[in-house]
Amino acid sequence: MAKKLQSASLTDAEKGSKKPKSSAKAKAGLRAGGVRKSRKQVTFTEKQLGLDPLNTVAKPVAIIKRGKKGKVFVDDAPGQLLGILAEVNDKQEGVIRSKLQRVKDLEAVREAKAKEIERKDKQKEEQLEKRKRAIKKREQLS
């Protein structure tokens, strides 16, 4: 029983439990008074990141152009471009022809309407003349 009493009275240090060792790295992170110092966050400026500033008017001088500049032309066979131009010209001529044909058709329709109106006017005048003659004959007979 004496052994039991002795083991109960022993402290943690006497039992052989390990304490965390204070190393140089752990001490370097502590300030005076035992307060840990935190690392500063690295902040980048807009110029370092290559960003335009916010809420300002972008001046043409300040705008940095990135990427390719200008057009890249494809090397093609000499007849290919001329063929495309000829095809486009044919289409345009077809459009012009169809417009001219449409104009001619509308002109023909207008002329036909004008002739029809003239014919109707002549008919009305002839009927009017016939009635006038009939009225004159009645007057002469009476």
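A: In this predicted model, K132 and E129 are both in helix α5, three residues apart, which is about one turn of the helix. The two form a salt bridge, with 3.9 Å between the closest N and O atoms. That pair counts because the cut-off is a side-chain nitrogen of Lys or Arg within 4 Å of a carboxyl oxygen of Asp or Glu. K132 is partly exposed at 43% relative accessibility, and E129 is partly exposed at 37%.

Helix α5 spans residues 78-141 and also holds E93 and R97, which lie four residues apart, again about one turn of the helix. E93 and R97 form a salt bridge whose closest N and O atoms are 3.5 Å apart. E93 is partly exposed, its relative accessible area being 39%. R97, at 57% relative accessibility, counts as exposed, because exposed means over 50% relative accessible area.

A further pair in helix α5 is E107 and R110, three residues apart, about one turn of the helix. E107 and R110 form a salt bridge with a distance of 3.8 Å between the closest N and O atoms. E107 has a relative accessible area of 39% and is partly exposed, while R110 is exposed at 52%.

Side chains of opposite charge can pair when their charged atoms come close. The structure holds five salt bridges, among them E93 with R97, E107 with R110 and K132 with E129.

Conventions: Residues are numbered from 1 along each chain as its sequence is written. This is a predicted model: local features need pLDDT of at least 70, side-chain atom pairs count only at pLDDT 80 or more; totals for chains, interfaces and linings use all residues. Side-chain values use heavy atoms; hydrogens and water are left out. Helices (H or I, at least four residues) and strands (E, at least two) are DSSP runs, numbered from the N terminus. Buried means under 20% relative accessible area, exposed over 50%, partly exposed in between (1.4 Å probe, protein chains only).
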